[in-house]
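This report goes through a few features of one structure. Please look at the sequence and the 3D view before reading on.

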Amino acid sequence: MKVFCNGEAQEIAPGMLVADYLSQLGLDASSVVVECDGKILTRKEYGSHALQDGSVLELIRFVGGG
Amino acid sequence: MQAAISRATEAEVLQALRSDRPGLNGLAALLSPAAEPHLGAMAKRSTAITSQRFGRTMQVYAPVYLSSFCANRCVYCGFSADNTITRRVLTIAEAESEAMILHRRGFSHLLLVSGEAPAKLGVDYLEELALRLRDRFAALSIEVQPLATEEYARLFQAGITSVAVYQETYDRAVYKQVHLGGRKADFDYRLETPARVAEAGMREVGIGALLGLADWRAEGLALGQHLAWLRRHYWRTGLTVSFPRMRPAQGEFKPLQPVSERNLSQMIFALRIFDPDVGLYLSTREEARFRDGMIGLGPTRYSAGSCTAPGGYGLENAGGEQFEVGDNRSLAEVSAAIQKKGFDPVRKDWDAVFQAKGDRQQAA
Amino acid sequence: MLTIAGRKFRSRLFGGTGKFSSPEVMKEALAASGCEMVTVALRRIDLNNPADDIMSVLDRDRYLFLPNTSGARDAGEAIRLARLARASGGGEWLKLEVTPDPRTLLPDPIETFKATEELVKEGFKVLPYMNADPILALRLQDAGAVAVMPLGSPIGTNQGVLTRFQIEIIIAQAQVPVIVDAGLGAPSHVAEAMEMGADAVLVNTAIAVAGDPVRMARAFAMAVEAGRIAYESGLGAVSKDAAPSSPEDGLGFLR
C-alpha cells in the first residue's frame with residue numbers, strides 16, 4: 001500500500017506498524033516525532049498504530065537551529 | 001531607607017544628575033542634604049526633562065468641594081470629626097451648579113473633593129454626578145474616601161477619569177499618631193488603594209504625602225518607591241504626585257517637621273528627575289510667587305481660583321474650609337501668569353468622547 | 001543566579017546549535033561556552049540520511065533543549081511545531097519564533113502574540129522572540145511569557161545591539177527575564193547587552209561561523225560575565241553636560 005512520508009510517496013506492506021516502519025527506515029524511534037494524518041503520536045503508540053493506505057506521515061527530529 | 005538618604009554623598013548626587021535612569025538610589029541622593037548645594041543644577045535638569053516630556057504647557061483645573069462631613073479624626077485637617085465647623089454636603093443639583101460656575105469660568109478639568117463620610121456621600125452620589133457632568137467637562141477626578149475596585153470600575157463607567165488618594169505619610173508610626181479614628185486609621189487599606197484604582201481601569205491615579213508630618217526626604221523616597229511599584233504592575237495607568245504642604249487650618253495643627261519652599265522645590269525636582277513622566281501638582285496652598293517661580297521647573301498641573309469649602313463658589317452658607325488658600329488668583333490671572341512665563345495654560349487635555357459610556361479600559 | 005520559570009542557570013549565555021560545520025565542532029564550542037541551554041529546531045528527517053542526528057552528540061543531562069519554531073510563518077504553524085517539539089521530549093520550554101519574511105527573518109508581532117496566548121494556555125513555557133518593541137514586551141508578559149527575547153539586530157547580521165534604546169526600556173519595565181537574542185556578532189556586543197542590564201543573551205551565528213568556534217565561544221562566555229559583573233557593580237553614568245554646581249539662576253523666587 002502507499003503512504004506519503006515527508007512529502008514522498010512510499011510503498012509499504014499493508015497494515016505496517018509505525019514502529020516497524022521506523023526500523024525499516026533505519027531510524028531510532030526515541031529521537032523521532034511522528035505526525036500521522038495531522039495527529040501527533042505518542043511514543044507508546046508507535047508499537048500499536050497501524051498505517052493505512054494513503055496515510056500522510058511527517059517524521060520530525062531536532063536539528064541544529066538558533 | 002532613611003539611611004540611604006543621610007548616607008548619600010556629593011558624588012552620588014552628581015551621578016544621579018547625569019544619569020538617564022537614576023533609580024531609587026539616585027532619588028535618595030537627590031533628596032539628601034548633600035544635594036542642597038546643587039539645587040540650581042537640579043532645577044536645570046528638572047526643567048529640561050519637564051520641557052521634553054510635557055512641552056511648555058501647564059494644565060489647569062479647579063476643585064469642587066462636595067462635602068465637609070468626615071468620619072475620620074485626622075489631627076491636621078480642618079474637616080476632622082473632632083472639629084466644630086459648619087458641615088455641609090451639597091445636593092447633586094448644588095454640586096452641578098458649583099461645577100457650572102467653574103465651567104463658565106473656563107475650566108474643563110475638575111477635581112471633585114469630599115471628606116470621608118460614605119453615609120453622607122457615597123458611590124451612588126458620585127456616579128450620578130459624574131453622569132451629569134461628563135458631557136461638559138473633559139476630565140473628572142475624585143478625591144474622596146478609598147473605595148473598592150468594583151466601585152472605582154462603576155465610577156469609571158460613569159465618567160470619572162482619575163482618582164487621587166494620598167497616603168499622607170508613609171511613616172507608620174507618624175501615621176498612627178495623626179490618624180486617631182475612622183476608616184482612615186487603617187494604614188494598609190489606604191496604601192493599597194492606588195492599586196485598586198489602577199486595577200479598576202482608571203486612566204490615572206494620584207498619590208501624595210502631606211508635607212510637614214514625617215521627614216519630607218523619607219516621604220519623597222517612599223513616593224518614588226510607590227511610583228515605581230505602580231509603574232511595574234499597572235503600566236497602562238497614568239501617575240501623578242501632589243505636594244500638599246501644611247497650612248493653617250481649623251484646629252491649628254502645627255507641622256511636626258516644617259518643610260520650607262526650598263525643601264519642597266528639592267523634592268519636586270528630585271521626583272521629576274526620577275520619573276520623567278509623572279504629573280506633578282502644585283495647588284493653591286502655595287503662594288502665587290512660589291507657584292509662578294516653579295512654572296516650567298517641574299510641576300505640570302495647577303489649580304486656580306480654588307475654594308475649599310463646599311458651596312464656596314456660588315452658594316450661600318458655604319461650609320467651613322479644609323485649608324486656607326495661599327494663591328487666591330482667578331483662572332484668568334493664573335493663566336496670564338503662565339503665559340507671561342512663556343507657557344501655554346491647557347484647560348482641556350482629554351475628552352469624554354474617548355471614554356465611551358460602558359467602555360472598560362483595562363483588566364488585570 | 002539567573003532564574004527563568006523557576007529554573008536556575010549559572011551561565012547567562014545561551015547557545016544556538018545551527019550553522020556549525022560539524023556536530024563535533026558544535027559539541028566542543030558549546031562546551032567551551034559554558035552554556036546550559038541550547039536552542040534546537042525541528043525539521044523533517046532526511047530519509048536518505050537517517051543516521052544524521054546532529055543532536056545526538058549533545059548530552060540532554062547537561063543542556064536544556066529549547067526547541068524553537070523556526071520556519072513558522074504564522075501562529076498556526078508555530079503552534080503545530082510547538083506541539084511536535086513537546087512530543088519529541090522537548091519538555092514545555094519553547095522559543096517562539098514566527099518569521100514570515102525569509103529575507104529579514106524578522107518576527108511577526110501579531111502572530112507571535114496570538115501564538116503566545118494559545119501556547120501559554122496549553123502549558124508551554126513560552127520565550128517569544130520579538131522585535132525590540134517595549135509595548136509588545138509588556139503585552140507578551142501579560143499573556144504569560146516566562147521571558148522575552150528582543151532582537152539586537154536581525155538574525156545572522158552580526159550588527160550588535162542596534163535596538164539599544166528600546167531594549168533599555170524593555171529592561172526597565174520588564175517583570176520577566178530579558179534575553180537579548182539575534183544579531184550579536186562580537187563579544188563586545190554581548191558585553192554591551194549585559195551592561196545595559198539584560199538578564200541573558202543568546203548567540204548562535206557568531207560562534208558557529210567563527211574561524212575558531214571553540215575559542216570564540218570562550219570569548220563570548222567571558223564577555224557575558226564581564227558585562228554582568230559591570231552591571232551589578234554599578235556602572236558610572238555617561239556624562240552629559242557637566243554642571244556640578246550651577247548658580248541658582250531662576251531660583252530667586254524661593255523663600
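A residue is called buried when its relative accessible area is under 20%. The model shown here is predicted. C:Phe14 has a relative accessibility of 1%, so C:Phe14 counts as buried. C:Phe9 is also buried, because its relative accessibility is 0%.

The rings of C:Phe9 and C:Phe14 make an aromatic pair of the edge-to-face kind, with 5.3 Å from centre to centre and 70° between the planes. These two residues belong to a cluster in which ring pairs link C:Phe9, C:Phe14 and C:Trp93.

## Aromatic pairs

Over all chains, the structure holds 8 aromatic pairs. One of them is formed by B:Tyr61 and B:Tyr281, which are edge-to-face: their centres are 5.2 Å apart and their planes are at 90°. B:Tyr61 is part of strand 1 (residues 57-67) of chain B, and B:Tyr281 is part of strand 7 (residues 279-282) of chain B, so this pair ties together parts that lie 220 residues apart in sequence.

Are these two tyrosines buried or exposed? The relative accessible area of B:Tyr61 is 9%, so B:Tyr61 is buried. B:Tyr281 has a relative accessible area of 14% and is buried as well.

## Charges over rings

In chain B, a lysine lies over an aromatic ring: B:Lys120 is over the face of B:Phe69, at 4.5 Å from the ring centre.

In chain C, an arginine takes such a position. C:Arg86 lies over the face of C:Phe124, and the distance to the ring centre is 4.0 Å.

## A sheet in chain C

Chain C has an open sheet of 3 strands, which follow the order 6-7-8 with parallel pairing. Strand 6 (93-96) and strand 8 (149-150) of chain C are at the edges; each has a single partner strand, so one side of each has no neighbour in the sheet.

Strand 6 of chain C pairs with strand 7 (residues 125-130) of chain C in the parallel sense, over 4 bridges. Within this part of the sheet, C:Leu96 has C:Pro128 of strand 7 of chain C as its bridge partner.

## How the chains meet

Which chains have the most contacts between them? Among the 2 pairs of chains that touch, chains A and C have the most contacts. Chain A and chain B, in contrast, do not touch, and their nearest C-alpha atoms are 31 Å apart.

Methods
Residues are numbered from 1 along each chain as its sequence is written. Chains are lettered from A and ligands numbered from 1 in the order in which they are written. This is a predicted model: local features need pLDDT of at least 70, side-chain atom pairs count only at pLDDT 80 or more; totals for chains, interfaces and linings use all residues. Side-chain values use heavy atoms; hydrogens and water are left out. Contact means heavy atoms within 4.5 Å. Two strands pair if DSSP finds at least two bridges between them. Helices (H or I, at least four residues) and strands (E, at least two) are DSSP runs, numbered from the N terminus. Rings of Phe, Tyr and Trp (its six-membered ring) pair if their centres lie within 6.5 Å; planes under 30 degrees apart count as stacked, over 60 as edge-to-face and the rest as tilted. Buried means under 20% relative accessible area, exposed over 50%, partly exposed in between (1.4 Å probe, protein chains only). A charge sits over a ring if NZ of Lys or CZ of Arg is within 6 Å of the ring centre and within 35 degrees of the ring normal.
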